[in-house]
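Please read the points below with the model open beside you.

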Amino acid sequence: MSLLDSVTKAIESKIDELDKQVEAEQADAERRMAEAENEKAKADIQSEVKRNVEELQSKMDDAKKQLEEAKDASEERLQNLKKAFTGS
């Protein structure tokens, strides 16, 4: 597997992981909303979930940008991306 393929796979894996976290956050929010006892609690849950989802979306956007950047990256930049996404 080439370095580019390895980096691409690592970044795509991270994007998938973040997407699953968004789905889990939304499912948890639905559960918590059903259990909320008043409108204040529901509003707090919605605010928290919105903040968390926006943070995850921002991370996904960053990863997608890095995925595009990897296509034209130098060997050194690919090594740095690989370290960032795989730790190795």
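1. Overall extent. The protein chain has a radius of gyration of 17 Å, whereas a compact globule of 88 residues would have one near 12 Å. The radius is taken over C-alpha atoms, and the globule rule is 2.2 Å times the number of residues to the power 0.38. Along the principal axes, the C-alpha atoms fill a box of roughly 55 × 20 × 20 Å.

2. Basis of the values. This is a predicted model, in which local features need pLDDT of at least 70 and side-chain atom pairs count only at pLDDT 80 or more, while totals for chains, interfaces and linings use all residues. Residues are numbered from 1 along each chain as its sequence is written, and side-chain values use heavy atoms, with hydrogens and water left out.

3. Secondary structure. The protein chain has three helices and zero strands, and its pattern along the sequence reads α-α-α. Helices (H or I, at least four residues) and strands (E, at least two) are DSSP runs, numbered from the N terminus.

4. Surface and burial. Of the 88 residues, 24% count as buried. Buried means under 20% relative accessible area, exposed means over 50%, and partly exposed lies in between (1.4 Å probe, protein chains only). The accessible surface of the protein chain is about 6100 Å², and 44% of that belongs to carbon and sulfur atoms. These areas come from the Shrake-Rupley method with a 1.4 Å probe; for residues, only the protein chains shown count as cover.

5. The core. Which residues have the most contacts inside the largest nonpolar core? They are V7, I11 and I15, in a core of 18 residues. Helices α1 (3-35), α2 (39-70) and α3 (75-86) each supply at least two residues of this core, and α2 gives the most, with eight. A nonpolar core is a set of buried Ala, Val, Leu, Ile, Met, Phe, Trp, Tyr and Cys residues joined through side-chain atoms within 4.5 Å.

6. Contacts along the chain. Contact means heavy atoms within 4.5 Å. Among contacts between residues at least 6 apart in sequence, 67% join residues at least 24 apart. I15 is one case to look up: leaving aside neighbours within four places in sequence, I15 is in contact with M60, A63, K64 and L67.

7. L67. This residue is found in helix α2. L67 counts as buried because its relative accessibility is 14%. Apart from neighbours within four places in sequence, L67 is in contact with T8, I11, E12 and I15.

8. S6. Is S6 buried or exposed? S6 counts as buried, because its relative accessibility is 18%. S6 is found in helix α1, and beyond neighbours within four places in sequence, S6 is in contact with M1 and K82.

9. K65 lies in helix α2 and counts as exposed, because its relative accessibility is 58%. The C-alpha atoms of K65 and I11 are separated by 10.0 Å, and the two residues are 54 apart along the chain. E39 also lies in helix α2; E39 is exposed at 59% relative accessibility. From E39 to V49, 10 residues along the chain, the C-alpha separation is 15 Å.
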